[in-house]
Amino acid sequence: MQAPTIGGVQVPRGDGTTIVQVRQGASLTDFADKINANPASLVTVLFHLGEMATATQSLDEDTFKVLGSELGYDIRMVSPEEEEKELFDSFNIDLEFGVDSEDEDDLEARPPVVTVMGHVDHGKTRLLDAIRNANVQAGEAGGITQHIGAYQIHREHEGVDRPITFIDTPGHEAFTAMRARGAKVTDIAILVVAADDGVMPQTIEALNHAQAADVPIVVAVNKIDVEGANPAKIRQQLTEYNLVAEEYGGETMFVDVSAKQGQNIEELLEAVLLTADAALDLRANPDRDARGVAIEANLDKGRGATATVLIQSGTLRVGDAIVTGSSYGRVRAMLDEHGNQVPEATPSRPVQVLGLSSVPRAGDTFVVAPDDRTARQIAEKREAADRQASLAKARKRISLEDLNQALAAGKVDTLNLILKGDVSGSVEALEDALLQIDVGDDVDLRIIDRGVGAITMNNINLAMASNAIIIGFNVRAEGQNADYAEREGVEIRYYSVIYQAIEEIEAALKGMLKPEFEEVELGTAEIREIFRSSKFGNIAGSIVRSGEIKRGSKARITRDGVVIAENVEIAGLRRFKDDVTEVREGYECGINLGSFNDLQLGDLIATYEMREKPRA
Ligand code: GDP
């Protein structure tokens with residue numbers, strides 16, 4: 001049987017039970033990939049179902065369901081987590097871990113992982129320092145010399161040596177960013193509140209974030225050394241937020257500390273351990289392939305991509321093949337916070353890992369793979385998925401190509417540029433030349449920053465904050481920075497010839513950069529009868545199947561899905577005896593296709609228009 005066509009396009013069909021998985025936020029292009037169809041055809045089909053969408057726009061579940069049922073597919077939307085699980089299932093890697101999903105006998109106690117949160121200037125950083133130093137005094141050899149994003153200290157508790165892991169990025173932003181990416185790293189939050197200041201907006205925010213994540217809180221009432229500090233008032237204030245101190249009959253431990261004077265730090269650590277023991281079942285299976293989360297990552301000049309990972313389950317060893325985010329590799333070496341090499345890392349231990357192919361993102365999960373090849377394959381699949389997701393998402397904030405549209409739409413009235421070059425001479429020359437461009441009255445061209453050297457994170461942040469485009473003249477943004485710009489939609493243009501830069505920017509300002517067009521279908525009609533007219537040539541008696549047919553528009557004629565003519569004009573359009581300009585879906589009409597006369601019953605006339613393509 002011939003596959004039926006919709007709107008003149010042929011799309012591979014399912015039988016109604018064919019299951020197709022589509023990730024949340026996917027576009028028609030993603031779906032087209034899965035069923036081996038042309039994305040443009042799906043745009044057409046969807047249009048016939050009454051929905052307009054571009055090929056790369058991300059669609060909701062309902063829209064996919066409607067499209068799926070039309071085409072005979074049972075569409076299942078999957079979350080990124082489900083997709084991830086499936087990816088690992090396909091390599092026979094078990095992602096399940098933890099107290100609820102593992103055998104009691106395999107579980108062993110693991111240290112708590114702590115994040116310090118609170119209002120700005122209440123002493124989070126100072127407290128993390130104090131904890132680190134207290135431990136040095138307590139006899140930790142060498143002291144903590146390296147910043148690797150997390151550190152572990154030891155404390156004797158009821159005669160047992162108890163390690164505690166601290167995430168060395170204070171604040172709830174990083175905590176929440178990681179959570180947003182599905183990584184639950186923190187077991188306990190220390191909420192720092194300055195006794196001389198009291199509960200502040202970020203105190204409440206931090207508290208809300210911790211409570212939302214179901215993470216127990218220990219309150220450190222800090223700066224008790226300051227005159228006029230009132231720790232009792234903090235306890236009072238926090239009762240309003242369901243944090244009732246133990247001494248008032250509640251469940252939350254409050255410890256008065258001075259991070260500056262190192263006062264009561266031991267008591268705070270004690271409170272963390274007591275809270276952990278009372279509220280949490282912190283156990284993990286050390287005897288399996290490791291998995292965990294990347295909490296910090298860097299590109300190091302000498303050592304390449306490094307990542308600090310926190311082990312959540314299993315034991316990581318030098319030589320293991322690992323994959324984290326879309327980065328992979330073999331663990332070449334592992335360093336602890338003292339800068340010492342360690343051969344293995346057990347649950348709750350943070351280690352800096354050397355040997356990755358690229359820099360992962362904070363919050364990326366990492367998993368040990370059976371071998372290098374599998375690690376690479378998983379990384380590649382993830383990268384492809386990431387690319388799709390970011391394609392659907394990241395539009396450039398502002399780009400040279402669509403500058404003119406943005407200007408016309410009143411979205412911007414200034415082109416902000418940041419210039420970076422290899423030598424100051426070329427930056428100056430470029431700046432001079434740019435400022436001489438005659439931009440007319442409607443637009444301003446401003447150079448908001450300039451400098452020599454590679455494009456830095458700071459440059460990108462400034463570009464984000466002020467909607468600027470970065471010009472790199474013989475310099476580039478590399479590694480992490482390039483990724484960051486890409487992810488945040490900051491356009492960076494690279495040049496090595498000054499006049500080329502000038503030309504392109506001038507063209508952009510004048511709207512002369514060539515736009516790209518894409519076809520948008522307007523309507524389709526099916527030929528039901530053919531009238532021969534000596535005066536007009538053939539008239540196609542048709543019924544409009546979708547959208548509307550407009551006089552003067554361009555049409556494509558298809559016969560059983562095969563194109564037999566392109567670029568044919570709708571020269572005349574009639575309803576009964578009247579000339580009309582347009583006819584809508586469901587109505588009959590007579591269509592005159594000018595000199596095109598090769599018509600047959602059942603032919604489909606599809607009209608379209610070329611529209612400027614929104615640029616990704
Ligand atoms: P963060 O923004 O929460 O990380 O706060 P910081 O740790 O940077 O501390 C902010 C300011 O408060 C710094 O000047 C610290 O030296 C000071 N500070 C922190 N803890 C104490 C303390 O216990 N007593 C006193 N007097 N000052 C402190």
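## Basis

A polar contact is a pair of N or O atoms within 3.5 Å; within protein, one must be able to donate a hydrogen and the other to accept it, and residues adjacent in sequence count only if both atoms are side-chain atoms. The model is predicted: local features need pLDDT of at least 70, side-chain atom pairs count only at pLDDT 80 or more, and totals for chains, interfaces and linings use all residues. Numbering starts from 1 along each chain as its sequence is written, and side-chain values use heavy atoms, with hydrogens and water left out.

## Ligand site

A polar side-chain atom of Lys-223 is 3.0 Å from a ligand oxygen, and one of Thr-125 is 2.5 Å from a ligand oxygen. From His-122, a polar backbone atom lies 3.4 Å from an oxygen of the ligand. The protein buries 75% of the 570 Å² that the ligand exposes when taken alone (Shrake-Rupley method, 1.4 Å probe).

The ligand is surrounded by 15 residues (a heavy atom within 4 Å). Helix H5, residues 124–137, gives the most to this shell, with three residues (helices are DSSP runs of H or I, at least four residues; strands are runs of E, at least two).

## Strand S24

Strand S24 spans residues 537–550 and is largely enclosed by the rest of the structure, because ten of its 14 residues are buried (under 20% relative accessible area, 1.4 Å probe, protein chains only).

S24 runs antiparallel to S30 (residues 588–592), joined by five bridges (pairing requires at least two DSSP bridges). Ile-543 has Glu-588 of S30 as its bridge partner. Three bridges join S24 to antiparallel S29, residues 582–584, where Val-583 is the bridge partner of Ile-549.

Notes
Buried < 20%, exposed > 50% of the residue type's maximum accessible area, 1.4 Å probe, protein only.
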